[in-house]
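The sequence and model are shown first.

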Amino acid sequence: MKEISCKLLVIGAGPGGYVCAIRAGQLGVDTVIVEAGKPGGTCLNVGCIPSKALIHAAEEFEKVSHMVGGNSPLGISVTAPVLDLARTVAWKDGIVSRLNSGVAGLLKKAGVKTVQGWATFRDGKTVAVETETGVQVIRAETIVIATGSAPVELPSLPFGDAVISSTEALALSEVPKKLAVVGGGYIGLELGIAFAKMGAEVTVVEALPRVLAQYDAELTRPVVKRLAALGIEVMLGAKAKGAKGGALLVETSDGKNAKVAADKILVTVGRKPVTEGWGLDQIDLDMAGKFIRIDDQCRTSMRGIFAIGDVTGEPMLAHRAMAQGEMVAEIAAGHKRSWDKRSIPAVCFTDPELVTAGLSPEEAKAHGGEIKIGMFPFAANGRAMTKLGEDGFVRVVARADNHLVLGIQAVGQGASELAGAFGLALEMGARLEDIAGTIHAHPTQGEGFQEAALKALGHALHI
Ligand SMILES: Cc1cc2nc3c(=O)[nH]c(=O)nc-3n(C[C@H](O)[C@H](O)[C@H](O)COP(=O)(O)OP(=O)(O)OC[C@H]3O[C@@H](n4cnc5c(N)ncnc54)[C@H](O)[C@@H]3O)c2cc1C
């Protein structure tokens, strides 16, 4: 049995863990990171990056499909396109593999030692790693738990055969003729829309009365419209009960039994923190429900142990994990840091895309005080028109008294790229006048942001 010691030990090389290790290494902290799989975690290997690659390929395929027979208003005509999903997946795997090497290289450049294997706590300062060459014991002054999350399995639909999670959906070699998606959250809809564009007949089964229920109905309306246009059937208030004979068994909202024919059943009913199998019982940390409880410095209830990323709760997003990782590295290096972020923007890569940062109108109202809302439709934005992307809008929510911006949302084709501007405005404490008074380049969809602020001030120019 080999033994090493270090100042900082990070368990898990997802976006939270690898960013933490890189930053700690940059600051001269003697750092070791342990990873059982490939560098980059869920996000890089089976999450953010591969899903966006597949979504992009599906978008391109659908765009070209609309040009068949010379029906495109752009004046482009093509003969029927063919999709070879196995090649698409190989292209996606190539991107993932390049990024795996990139993360490994960045860790090395920062002077971080990587240990490959599964880590288990022995006590609050010691971890044992099952490596290919035997057990490696690592002692550390400070340990960061960044073990991430895994897909939730439904007892009535265990993963295997035709029942798949997002991980398998991203590695199919053929487009299923009929795909049932259980769960109308962002992962289910992102993938469901992509497969519909690639030619699958898609049915979404959602237990709640709305899809994308965490967003307000006004914001999701253009997505719901697009689902219908893509021929995606949405069963609301419906419960998936099991699978039998090539069909998903469903209890509909009126209590009747229905069968949805499906070659594949994609279950996307949420993700759960990875809190088992690594000796949580050895260290007995306080929990916040199923997540590890942390304070505003990501400290757990045990001295010298931090936790970051999906294992610590919602929103389970890569950029939250990264920001926590960077902060914890700096704390480990002796800097004074605590969580002071004003917003964690969230993007939903559906068609059209959704972006939210800060408070929705309802949330802002619930905080008390009067608010102003400015909304600008992409139908009045020149750039959106040139992209055939007129559906959607930008919405700005601000305090009525001093015009401090509280939240910004958008729905529209390509709206994800506005997330940076929205986050920056909130982080800098912008007022409506700051956004309205910033020159936004023409013609861009960003002008919709400026116009929404102008609208809230009562003098939008282009509507
Ligand atoms: C299909 C899909 C699409 C997504 N799209 C987006 C998106 O567009 N934007 C976004 O922000 N987020 C997205 N997410 C969520 C995002 O992937 C997660 O929020 C993010 O990966 C969390 O990072 P993390 O570092 O906390 O954990 P993870 O990325 O889950 O990484 C944890 C790592 O720890 C390792 N590990 C766990 N336990 C041990 C152990 N005991 N020993 C050694 N190694 C261990 C695991 O192997 C894993 O590599 C998506 C997720 C999915 C599934």
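The sections below cover the basis of the model, its ligand surroundings, an aromatic pair, a sheet and the annotated regions.

## Basis of the model

The model is predicted: local features need pLDDT of at least 70, side-chain atom pairs count only at pLDDT 80 or more, and totals for chains, interfaces and linings use all residues. Residues are numbered from 1 along each chain as its sequence is written, and side-chain values use heavy atoms, with hydrogens and water left out.

## Ligand surroundings

The ligand is surrounded by 37 residues, the closest being Glu-35, Thr-42, Lys-52, Asp-310 and Ala-318; a residue counts here if one of its heavy atoms lies within 4 Å.

## Aromatic pair

Two aromatic pairs occur in the structure. Rings of Phe, Tyr and Trp (its six-membered ring) pair if their centres lie within 6.5 Å; planes under 30 degrees apart count as stacked, over 60 as edge-to-face and the rest as tilted. Phe-121 and Trp-278 form a tilted pair, with 5.9 Å between centres and 55° between planes. Phe-121 belongs to strand S4 (residues 118–123) and Trp-278 to the loop between strand S16 (271–273) and helix H8 (280–283), so the pair ties together parts that are 157 residues apart in sequence. Both Phe-121 and Trp-278 are buried, a term for under 20% relative accessible area, with exposed meaning over 50% and partly exposed in between (1.4 Å probe, protein chains only).

## Antiparallel sheet

An open sheet consists of three strands in the order S12-S13-S14, with antiparallel pairing. Strands are DSSP runs of E of at least two residues, and helices are runs of H or I of at least four, numbered from the N terminus; two strands pair if DSSP finds at least two bridges between them. The edge strands, S12 (239–244) and S14 (257–261), each pair on one side only.

Five bridges join S12 to S13 (residues 247–251). Lys-244 stands opposite Ala-247 in S13.

## Annotated regions

An unreviewed UniProt entry places the feature "domain: Pyridine nucleotide-disulphide oxidoreductase dimerisation" at residues 344–453; such annotations may be inferred rather than shown by experiment. Over residues 344–453 the chain is 29% helix and 29% strand, with the end C-alpha atoms 20 Å apart.

The UniProt annotation "active site", also from an unreviewed entry, covers His-442. His-442 lies in the loop between helix H13 (432–436) and helix H14 (447–456) and counts as exposed because its relative accessibility is 62%. The side chain of His-442 makes a polar contact with that of Glu-447 at 2.8 Å. A polar contact is a pair of N or O atoms within 3.5 Å; within protein, one must be able to donate a hydrogen and the other to accept it, and residues adjacent in sequence count only if both atoms are side-chain atoms.
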